[in-house]
Amino acid sequence: MNSFDWAALLHAAVARLGLRPAEFWALTPAELRLMLGSGGGSRAMGRARLEELIAAFPDAVQGDGDDRDG
């Protein structure tokens, strides 16, 4: 059975994340893991994928009435 090192987790939450103790105790273990960067989330997006999204979803389309460009 895995046990939690509550003192170390509280220290990480306060020192690394700037949480107050009450905020720490309100979190679930999964939320805390995610906030500390060990939640097993997906990889960061690379530049190529960002360019694909920019091309697929431009901020403004020519002639759409959006005058933000001047």
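A residue counts as buried under 20% relative accessible area, as exposed over 50%, and as partly exposed in between. Trp6 has 40% relative accessibility and is therefore partly exposed. The model is a predicted one.

From the N terminus on, the order is α-α-α-α. Of its 70 residues, 9% count as buried. The chain exposes about 6,100 Å². Carbon and sulfur atoms supply 56% of that area.

In soluble globular proteins, nonpolar side chains tend to be buried together. Here, the largest nonpolar core has six residues. Two alanines, Ala12 and Ala13, belong to this core. Leu19, Phe24, Leu32 and Leu36 complete the set. Contacts of Ala13 reach several of these residues. With residues up to four places away in sequence left aside, Ala13 touches Leu19, Phe24 and Leu32, as well as Gly18. Phe24 has a relative accessible area of 3%, so this residue is buried.

Aromatic side chains form a further theme. The structure holds three aromatic pairs. One of them joins Trp6 and Phe24 in an edge-to-face arrangement. The ring centres of this pair are 6.4 Å apart, with 80° between the planes. Trp6 lies in helix α1, and Phe24 lies in helix α2, which covers residues 21-26. The two residues are 18 residues apart, and their pair links distant parts of the chain. Trp6 also pairs with Trp25. The centres of these rings lie 5.6 Å apart and the planes meet at 35°, so the pair is tilted. Trp6 is in helix α1 and Trp25 in helix α2, so this pair ties together parts that are 19 residues apart in sequence. Trp6, Phe24 and Trp25 form one aromatic cluster.

Phe24 belongs to the largest nonpolar core, whereas Trp6 and Trp25 contribute to a nonpolar patch on the surface. Phe4 lies in the segment before α1, the helix of residues 6-15. Its relative accessibility is 46%, so Phe4 counts as partly exposed. Trp6, at 40%, also falls in the partly exposed class.

Note on methods. Residues are numbered from 1 along each chain as its sequence is written. Side-chain values use heavy atoms; hydrogens and water are left out. Patches are made of residues with over 30% relative accessible area and no salt bridge: like charges are joined within 9 Å, nonpolar side chains (Val, Leu, Ile, Met, Phe, Trp, Tyr) within 5 Å. Accessible areas come from the Shrake-Rupley method with a 1.4 Å probe; for residues, only the protein chains shown count as cover. A salt bridge is a side-chain nitrogen of Lys or Arg within 4 Å of a carboxyl oxygen of Asp or Glu. Helices (H or I, at least four residues) and strands (E, at least two) are DSSP runs, numbered from the N terminus. Buried means under 20% relative accessible area, exposed over 50%, partly exposed in between (1.4 Å probe, protein chains only). A nonpolar core is a set of buried Ala, Val, Leu, Ile, Met, Phe, Trp, Tyr and Cys residues joined through side-chain atoms within 4.5 Å. Contact means heavy atoms within 4.5 Å. Rings of Phe, Tyr and Trp (its six-membered ring) pair if their centres lie within 6.5 Å; planes under 30 degrees apart count as stacked, over 60 as edge-to-face and the rest as tilted.
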